[in-house]
Amino acid sequence: MTPIAFEGDATALQVAERVRGGTLAPLAAAQAALARVRETEKARGLNAFVSVAAPDELVCTHHAGSLAGVPVAVKDNLATTILPTSCGSRILEGYVSPFVATAVRRILEAGGVVVGKTNMDEFAMGSSTENSAYGPTRNPVDPLRVPGGSSGGSAAAVAAGMVPVALGSDTGGSVRQPAAFCGVVGVKPTYGRVSRYGLVAFASSLDQVGVLARTAGDAAETLRVVSGQDPRDATSSPRSVPDFSAAVSKGVEGMVVGLPDEYFPDTLDPHIRDRVLAAAHALRDAGASIRTVSLPHTRLAIPSYYVLAPAEASSNLSRFDGVRFGRRGPGSTTREVYESTRHDGFGTEVKRRIVLGTYALSAGYHDAYYETAQRARALIAEDFRAVFGEGVDLLLTPTTPGVAFPIGERVDDPVAMYLSDIFTVTANLAGIPGMSVPIGTHDGLPVGGQFLAPWWMEETMFAAAGVLEAAGMGEPS
């Protein structure tokens with residue numbers, strides 16, 4: 001049995017195949033991943049991880065599983081019982097959960113090995129991973145730029161070759177946007193496909209566990225592993241889980257791909273537009289037909305999202321009060337403890353969203369803001385339902401309006417930061433699956449193309465991703 005693991009460019013499927021075949025020790029790849037994490041962080045200072053497992057904490061529980069021996073990084077808002085779950089916040093610094101998130105448990109049951117918890121925007125609130133209490137993560141492609149957010153640590157860990165796959169969470173694009181900025185694959189499944197049990201809540205009707213990987217095949221198998229109904233999550237679906245891995249090689253012959261007008265505004269960076277259109281041409285050459293479509297209520301996505309998400313956050317984050325768990329601030333009364341705990345424990349962006357959400361839910365404003373945003377959300381979902389009902393199998397859009405921006409450029413401009421998610425929030429509002437895949441570069445920086453599919457049709461996205469990957473679309477342009 002070989003005592004050493006593959007290098008950092010090995011895929012998860014290659015590692016698992018060797019472990020199952022007996023030519024690679026079950027923990028060898030994970031041990032090598034730990035060494036890469038230490039070496040990469042020392043040499044490049046990416047700050048992708050907030051905690052890393054000790055060598056004696058590495059466990060491979062299923063040597064014959066589909067992810068046997070595969071090193072996996074986990075976003076720090078997914079509960080683990082060995083490593084802390086801080087959500088990138090001082091208020092949960094050092095907190096260790098008494099239970100494991102369902103998605104993480106399923107990774108372990110498939111033989112995956114958790115090597116560390118990745119950095120993130122505090123409580124998943126951000127688009128750059130600059131809002132972390134533990135400092136910003138840097139983009140492996142250009143360390144002077146952001147990796148995207150809020151799953152920036154997971155995206156950076158995968159892009160830098162520290163691990164082949166990572167788990168993230170996507171509330172408004174927080175898996176797909178960093179995947180685009182770092183040049184990797186990022187998948188947000190249909191709402192309900194993956195259990196949210198053990199995912200620390202930001203906005204419960206929008207949050208979804210997602211996957212980041214360097215290849216469509218790795219992403220497909222990891223998503224299959226974590227998917228399925230969970231009795232601990234009433235919103236998880238009893239639908240059977242397809243073989244997403246088989247879909248990667250299925251092809252797109254006869255598929256109808258729509259290009260939504262609203263996702264190609266005049267203000268879109270022409271280089272981004274060109275790369276997306278090149279991806280459309282590659283799909284057409286592989287047998288798909290391309291059609292222009294319209295999603296007229298897309299303009300309502302950002303304003304409705306930034307009412308609904310903060311409103312749910314203001315409710316979900318009320319549990320962090322210094323009494324039940326986590327940091328406890330000083331005070332002689334309950335109110336003083338609450339105030340000092342939350343004042344010192346929460347960062348600026350989290351406080352901003354709590355205030356916005358509380359205002360939107362307050363008496364006299366609930367109908368004007370929250371109810372109006374819910375109606376806008378229904379219209380956005382109906383747009384997708386109408387387009388998919390007219391024979392369109394898949395939508396292709398830019399993932400982001402531009403490439404990764406410099407660290408610090410948008411910290412003091414929250415509106416500009418929020419607009420980073422302008423093409424991704426619609427999938428969360430409607431609950432449909434979305435996927436970002438590398439489609440080339442501009443000025444050496446990765447460009448991502450986004451697939452949006454009908455509810456429960458993740459296979460369609462993987463089929464199209466497989467075609468673009470085979471065509472070399474992710475290579476520098």
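# Briefing: a sheet, a helix and a pocket

Strand β10 gives the largest share of the lining of the largest pocket, four residues. This is a predicted model, so local features need pLDDT of at least 70 and side-chain atom pairs count only at pLDDT 80 or more, while totals for chains, interfaces and linings use all residues. Residues are numbered from 1 along each chain as its sequence is written, and side-chain values use heavy atoms, with hydrogens and water left out.

**The pocket**

- The largest pocket holds about 420 Å³ of space.
- Of its 21 lining residues, the closest to the centre are Gly183, Arg214, Pro438, Gly474 and Glu475.
- Both β10 and α15 (458-470) supply at least two residues of that lining.
- What counts as a pocket? On a 1 Å grid over the protein atoms alone, a pocket is an open set of points with protein on both sides within 12 Å along at least five of seven lines, whereas a cavity is a set where a 1.4 Å probe fits but cannot get out; lining residues have an atom within 4 Å of a point.
- For the volume, grid points are joined across faces, edges and corners, and the space filled by probe spheres set on the points is taken.

- Two strands pair if DSSP finds at least two bridges between them.
- β2 and β3 run parallel and are joined by five bridges, and Lys75 stands opposite Thr118 in β3.

- How many of the five residues of β4 are buried? Five of the five are, which makes this strand mostly covered; buried means under 20% relative accessible area, exposed over 50%, and partly exposed in between (1.4 Å probe, protein chains only).
- In a regular strand the side chains alternate between the two faces of the sheet.
- In β4, Val165, Leu167 and Ser169 are on one side, Ala166 and Gly168 are on the other, and all are buried.
- β4 runs parallel to β2, with three bridges between them, and it pairs with β6 in the antiparallel sense over five bridges.

**Helix α2**

- This helix (residues 28-44) has 17 residues and reaches 24 Å from its first C-alpha to its last, close to the 24 Å expected at 1.5 Å a residue. That expected span is 1.5 Å times one less than the number of residues.
- Its buried residues are Ala28, Ala29, Ala30, Ala33, Leu34, Arg36, Val37 and Thr40.
- They pack against α1 (12-21), β1 (49-52), β2 (71-75) and β3 (113-118); contact means heavy atoms within 4.5 Å.
- Just after α2, Gly45 takes a positive phi of about 60 degrees.

- Most residues other than glycine have a negative phi, and most peptide bonds are trans.
- Ala124, in the loop between β3 and α4, has a positive phi near 65 degrees. Is this residue buried or exposed? Ala124 is buried, with a relative accessible area of 5%.
- Asp443, in the loop between β10 (434-442) and β11 (445-452), has a positive phi near 55 degrees. Asp443 counts as exposed, at 70% relative accessibility.
- The peptide bond from Gly149 to Ser150 is cis, with omega near 5 degrees. Ser150 is in the loop between β3 and α4 (152-159).

- Val293 lies in β8 and is buried, with a relative accessible area of 8%.
- Leaving out residues up to four places away in sequence, Val293 touches Gly258, Leu259, Pro260, Asp261, Glu262, Val387, Val392 and Leu395.
- Val293 and Leu395 are 102 residues apart in sequence and 8.9 Å apart in space, C-alpha to C-alpha.
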